[in-house]
Each structure stands twice: as C-alpha cells, then as structure tokens.
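Visitor: I'm new to this one. Could you walk me through it and tell me where the labels come from?
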Amino acid sequence: MVLIPDEPDIPWYQTVLLLLTYLIVGFFSYLSEIYDRVRGVTGFAPKPGYAPLFKGWESFWTRKLYKRISDCYNRPVVSCPSDRIVLRERTTPDMCETLITTDNEIKCLNLGSYNYLGFSATEGRTIEEAVAAIQEFGVSTTSPRVDLGTHKLHRQLEVEFAKFLGKEECIIFGMGYGTNSSTVPAIVGPGCLVISDSLNHSSIVHGCRISGAKVRTFAHNDTNDLERVVRDSIIKGQPRTHRPWKKILIIVEGIYSMEGEVCKLPAVVAIKNKYKCYLWVDEAHSIGALGEKGGGICQHFGIDTKEVDVLMGTFTKSFASVGGYITGTKELISHIRKHNFSALYSTSMSPGCCQQSLTSLNIISGQDGTNLGAQKLKALKDNSNFFRNGLIDLGFQVYGDKDSPVIPMMLYFPAKMAFFSRECLQRGLATVIVGFPAVPLLLSRARFCISASHKKEDLEQALRDLDEIGDKLLLKYGSSVDLHR
C-alpha cells in the first residue's frame with residue numbers, strides 16, 4: 001500500500017493496527033452518543049422542528065474525537081512568535097470538555113510558526129518601520145481598495161513585488177486565504193475547466209467550488225497523471241455537449257503545505273505549453289523560501305516567471321505579515337481589480353502590515369544595501385536540511401523534499417498525536433500536529449516549520465528531545481528509501 005508516490009510507507013501491520021484503532025474509537029464514540037441521548041443530553045441536537053444546523057459526520061468528529069485532544073490545538077500565545085515562543089498553560093478537569101487557562105507561562109522553542117526568514121521579531125528594521133507606518137497612517141484603512149482604501153504603501157508594494165518577480169503588474173489583498181478563494185472565481189466560470197492537484201490548499205478548493213467551473217483533480221505532484229487528465233479533458237470536452245472548454249486552468253502549489261514537497265514545475269510548464277492551458281502557481285510557502293535570492297519556485301528551477309500566467313503568494317510566511325498577492329500581465333491584474341469581490345468589498349491591508357511586507361521584501365532582494373537577506377536565505381536552507389536529515393537519521397518517517405522549510409513527520413495514530421504534542425510541550429517544544437480533515441484520516445502527522453532564526457544548538461537539542469519521544473511512543477517507523485535528496 002503506497003500512500004504517496006516516492007515516499008516511505010508504513011508497514012502493513014501498522015496499517016492494520018491503525019485501522020483497528022479508528023474502528024474501536026468510532027465504535028465506542030457511537031455508544032457514547034447513544035448513551036448521551038438516553039440521558040437526555042441534547043446540547044448538540046437541533047431544536048424541535050428545526051433541521052440540523054451542523055453536518056452530521058463533521059459534528060460527530062468534532063464532539064467525540066477532536067475534543068478529546070483539543071488541548072493540543074489553539075494554545076494561547078503570549079509572546080512574539082520568533083525562534084522562541086511563550087505559551088499560556090491550560091488545564092482540564094473533564095477530559096478537555098472545558099479548558100482552563102492558568103497564569104503559568106511555558107517558554108518553548110518555536111517549531112510550528114511560518115516565520116521562515118525570521119522577520120517576526122520585537123526588534124530590528126522591519127518592526128521599527130512597521131510601527132512608524134502605523135503612527136503615521138493609523139492601524140486600518142477602514143475602506144476597500146475600490147473606495148478610499150488604496151494607500152500609497154499599497155501601490156509601492158505592488159510595484160516593487162511585480163519588479164521582484166519579473167511580472168508586469170501586481171495586486172495585493174488583506175487576506176491570504178481570500179486571495180485564492182476570491183480570485184479563482186474572477187478568472188474562471190461555467191464552461192471553464194480547472195485541473196487541480198489533489199492536495200491543493202483549501203483556499204484553492206473553495207475558490208474552485210464557488211467559481212462554477214468544472215473541476216478535475218490529478219494525483220498529487222504526478223505530472224504523468226496531469227497530462228493524462230489534460231489530454232482526456234480536451235478530447236471529451238464539456239459534459240453532455242462535448243463542446244471545447246472556454247479555457248483550461250492548471251493549479252499547483254510551489255511547496256505543498258502539508259507534505260513539504262516541491263512542485264515539479266518544469267514538467268508542469270511543459271504540459272501547459274504543449275496543450276495551451278493556463279497555469280496558476282500558489283507560492284504561499286515557497287516565495288522567500290526557495291530560490292537563490294528568495295524568488296520562489298520559478299527561481300528555484302531557473303524558469304522565467306512569464307511561463308506562469310497567474311503567480312500567487314502570501315505575505316504571511318517569509319514576510320511575517322498578512323495578506324496575499326497576484327502577479328501577472330497588466331490585462332490580467334486590471335481584470336481582477338474589477339471582478340474580484342475581495343478587492344471590491346474587503347477592507348484593504350493595514351498600512352503597518354503593508355510596510356512590514358515592503359521592508360521584508362527590500363531586505364530579501366538586497367535593496368536595503370546589506371547582505372542580511374542572503375544570510376537569512378542561506379540560514380533557512382541550512383537549518384531546514386539539517387533538521388530534516390537529523391529526523392531521518394534518527395529513524396523517523398519524514399515526507400517532503402530537500403530545501404523545503406516544511407517538514408512533516410508521520411505519527412499516524414490518533415493517540416500518538418496527542419501524546420506527542422503533550423510530550424513536546426513538557427520538553428519546551430512548540431509543535432503542530434495535523435489530523436483529519438486537514439490530511440487524510442490515516443496520515444496524521446506532526447508538521448515542523450523551520451526558521452532562519454533558529455540556532456543550530458537549539459535544533460540539535462530539539463532532535464535529542466524528539467529522539468527520546470520517538471523511542472517512548474514507538475514513532476520510528478523507519479524508511480526503505482533514501483530521503484537525503
């Protein structure tokens with residue numbers, strides 16, 4: 001049973017135990033559900049005569065499975081999320097039915113935030129210029145871009161980012177998720193076809209669903225399957241009428257956020273050009289993290305950005321800010337400004353966050369006159385590969401590619417997810433665990449996000465702690481393939 005092509009596989013007996021675990025948990029959860037109804041506990045039931053407000057399965061999963069380990073999620077943060085982070089301790093007297101926040105603080109090594117280049121800090125040029133922008137222009141624009149919400153900082157950031165990526169024009173948004181979910185419907189609609197990677201981000205999935213376009217998926221990062229789907233779609237045409245599609249849009253990600261894998265962009269571009277499709281690349285996790293100068297997936301592979309029709313990304317990771325952007329031709333961006341409901345109705349990016357993104361961009365590109373950006377890019381690459389190889393050498397099962405700052409480590413079992421998170425917290429490691437529905441039911445994992453601000457000695461200590469946890473929880477599933485790539 002190969003779970004992901006070219007990746008390590010869990011032994012068959014572990015798969016059997018994993019399936020048995022979910023069967024047992026599900027069985028006793030349903031018994032608990034029946035018992036609650038007998039006792040008259042109906043807090044989750046609709047009022048008499050009303051239809052259920054929540055979806056049955058999702059509501060059941062949240063009440064009976066997620067809630068059991070809810071102390072591992074949404075931990076209160078009381079510090080800046082830099083290389084170190086301070087969390088507020090929580091206790092529960094009733095198996096996570098209620099969580100009580102205490103005054104105790106837990107100082108941790110931050111292995112979960114998207115602070116790839118270390119710009120999230122309480123001192124330095126970025127925070128100083130962001131504060132100055134807030135003092136001069138206020139916290140919010142209090143208006144959408146189309147009304148009175150287009151600030152000079154917005155246009156400056158758009159011009160500089162288009163120049164950085166070698167594109168004609170750029171538009172920025174106040175929310176990364178909304179960049180995808182509101183722009184896809186502005187480009188495609190009924191009669192169009194979207195061919196999307198099966199593991200694309202939820203924001204892309206949402207945007208495709210509300211666009212009205214037909215959506216087909218291809219096997220994750222499998223360019224052979226992508227070409228098969230493209231060819232088959234062109235041959236068959238639209239459903240029922242078999243007319244040619246108005247347009248075909250291929251959507252992929254630069255780095256897949258739950259897998260840590262780098263998109264096979266050269267092959268995707270070749271297919272796009274061969275069949276005359278449009279190409280959308282989501283660079284949320286790859287911009288500022290890949291490429292010799294932080295230019296993202298195109299720079300990583302030496303591909304001209306003009307080969308990508310829609311180049312999207314966010315400022316929430318490498319730039320330590322908020323919001324997202326779309327770059328492309330002047331005609332494309334002009335169309336998006338007029339037809340994107342986020343640009344038309346949402347309040348524009350805060351001036352402080354806009355300045356944070358702009359200052360970070362100047363440092364990454366070297367326009368600040370220093371080599372700080374180059375140092376950060378090298379530190380991120382070195383730290384990511386050091387930590388990834390360290391986990392592999394310890395016997396953990398790790399997904400993803402070399403140079404990726406996103407490093408998933410497989411946990412599989414729901415009980416191990418909770419114990420792993422709690423053991424890490426006790427040792428001063430702030431980690432993120434990911435389960436269903438963010439990933440497939442049987443592929444629960446921990447996701448480490450490495451930063452340029454991490455010190456090597458801190459990562460070495462983290463590996464020693466994870467080594468002990470791995471032995472204690474039997475997490476070293478090993479691998480039959482070489483992942484030093």
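Visitor: Which residues have the most contacts inside the largest nonpolar core?

Guide: They are Phe 161, Ile 195, Ile 250, Val 252, Leu 265 and Leu 279, in a core of 56 residues. Helix 4 (residues 152-165) gives the largest share of this core, 6 residues. Apart from it lies another core, of 41 residues, with Ile 392, Val 398, Ala 418 and Ala 446 among them.

A word on where this comes from: it is a predicted model, where local features need pLDDT of at least 70 and side-chain atom pairs count only at pLDDT 80 or more, while totals for chains, interfaces and linings use all residues. Residues are numbered from 1 along each chain as its sequence is written, and side-chain values use heavy atoms, with hydrogens and water left out.

Visitor: What makes a set of residues a nonpolar core?

Guide: The members are buried Ala, Val, Leu, Ile, Met, Phe, Trp, Tyr and Cys residues, joined through side-chain atoms within 4.5 Å. Buried means under 20% relative accessible area, exposed means over 50%, and partly exposed is in between (1.4 Å probe, protein chains only).

Visitor: What does Leu 279 touch?

Guide: Not counting residues up to four places away in sequence, Leu 279 touches a list including Ile 250, Val 252, Leu 265, Lys 272 and Glu 307. A contact here means heavy atoms within 4.5 Å.

Visitor: Why is helix 12 called largely enclosed?

Guide: Because 13 of its 15 residues are buried, helix 12 is largely enclosed by the rest of the structure. Helices are DSSP runs (H or I, at least four residues), strands are too (E, at least two), and both are numbered from the N terminus. Helix 12 covers residues 351-365 and reaches 21 Å from its first C-alpha to its last, close to the 21 Å expected. That expected span is 1.5 Å times one less than the number of residues. Just after helix 12, Gly 366 takes a positive phi of about 85°.

Visitor: Is Ser 318 buried or exposed, and how do you know?

Guide: Ser 318 has 1% relative accessibility, so it counts as buried. Ser 318 sits in the loop between strand 8 (310-314) and strand 9 (324-328). Its contacts beyond four places in sequence include Tyr 114, Phe 119 and Ile 287.

Visitor: And what about Ala 320, in terms of accessibility?

Guide: Ala 320 has a relative accessible area of 23%, so the label is partly exposed. Ala 320 lies in the loop between strand 8 and strand 9. Ala 320 also has a positive phi of about 55° although it is not a glycine.

Visitor: Why are Asp 368 and Arg 125 called a salt bridge?

Guide: The rule asks for a side-chain nitrogen of Lys or Arg within 4 Å of a carboxyl oxygen of Asp or Glu. The closest N and O atoms of Asp 368 and Arg 125 are 3.8 Å apart, so the pair qualifies. These partners are 243 residues apart, with Asp 368 in the loop between helix 12 and helix 13 (372-393) and Arg 125 in helix 3 (residues 125-137).

Visitor: How many salt bridges are there by this rule?

Guide: The count comes to 23. One of them joins Arg 445 and Glu 259 (3.3 Å, N to O). Arg 445 lies in strand 13 (residues 444-449) and Glu 259 in the loop between strand 6 (248-253) and helix 8 (265-275), so the pair ties together parts that are 186 residues apart in sequence. Both Arg 445 and Glu 259 are buried.

Visitor: What about Arg 427 and Glu 423?

Guide: Their side chains meet in a salt bridge too, at 2.5 Å, N to O. Glu 423 is buried, with a relative accessible area of 9%, whereas Arg 427 is partly exposed at 27%.
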